[in-house]
Amino acid sequence: MRNPAVPTYKRLAIAWFFVPLHRLLFRLSGGRLLGRLEGVGVLILVTRGRRSGRRRSSPLLYFRFKDPNELIVVASNYGRDHHPGWYWNLVGDPEVVVEVRGERFPARARIVEGEERSMLFERVVATNSRFAAYRAGTDRPIPVVALRRA
């Protein structure tokens, strides 16, 4: 295992404090508060838990590149050596709900593979260098996911 891009204490603070607060403020404001971070948009991805069946909400940075109808999210998990829970949930059920800029809509998730994945990940890194640090923090290939309105 490489050194993760984000130390454990920061990941825990983010997971236990910032993510729930972010979700709350984002939803109360219809995406006006905390709808952008680090120069890119933020969405809330709602998946169904693959074991529990319960709805799970994850605030994520998103990107728009070649197709304006696709939102791109990255399962970086802060450079850790395992995929985030939301990624495994959409592997189990790709039918998701997206909340972005005050709008909520059903979408279908597609895990991007091969050359398309490499190209999109490089565009993500060019847009936000934090993802280069995440890539450097793990040996696993970091998944790229395209979300398209259903």
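Predicted model: local features only at pLDDT ≥ 70, side-chain atom pairs only at ≥ 80, totals over all residues.
**Note on aromatic and charged side-chain contacts**

1. At 36% relative accessibility, Trp88 counts as partly exposed.

2. Five aromatic pairs are found in a search of the whole structure. In one of them, Phe63 and Phe65 are stacked, with 5.9 Å centre to centre and 10 degrees between the planes. Both Phe63 and Phe65 are buried. The pair of Tyr87 and Trp88 is edge-to-face, because the ring planes stand at 70 degrees, with the centres 5.3 Å apart.

3. A cluster joined by ring pairs comprises Phe63, Phe65, Tyr78, Phe131 and Tyr134.

4. The charged end of Arg149 sits over the ring of Phe105, 3.9 Å from its centre. For Arg117, the charged end sits over the ring of Phe121, 5.2 Å from its centre.

5. The whole structure contains 10 salt bridges. One of these joins Arg110 to Glu70, with the closest N and O atoms 3.2 Å apart. This pair links distant parts of the chain, 40 residues apart: Arg110 lies in strand E6 (residues 103-112) and Glu70 in strand E4 (residues 70-74). Arg110 is partly exposed at 32% relative accessible area, whereas Glu70 is buried at 8%.

6. Arg110 also forms a salt bridge with Glu116 (3.1 Å, N to O), and Glu116 is partly exposed at 22% relative accessibility. Through shared partners, salt bridges join Lys66, Asp67, Glu70, Arg110, Glu116 and Arg148 into one network.

7. Glu99 and Arg104 meet in a salt bridge of 2.4 Å, N to O. Glu99 is buried at 7% relative accessibility, while Arg104 is exposed at 54%.

Terms used:
Residues numbered from 1 in each chain as written. Heavy atoms only, no water. Phe/Tyr/Trp six-rings, centres within 6.5 Å; stacked < 30°, edge-to-face > 60°. Buried < 20%, exposed > 50% of the residue type's maximum accessible area, 1.4 Å probe, protein only. Lys NZ or Arg CZ within 6 Å of the ring centre and 35° of its normal. Salt bridge = Lys/Arg side-chain N within 4 Å of Asp/Glu carboxyl O. Helix = DSSP H or I, 4+ residues; strand = E, 2+ residues; numbered from the N terminus.
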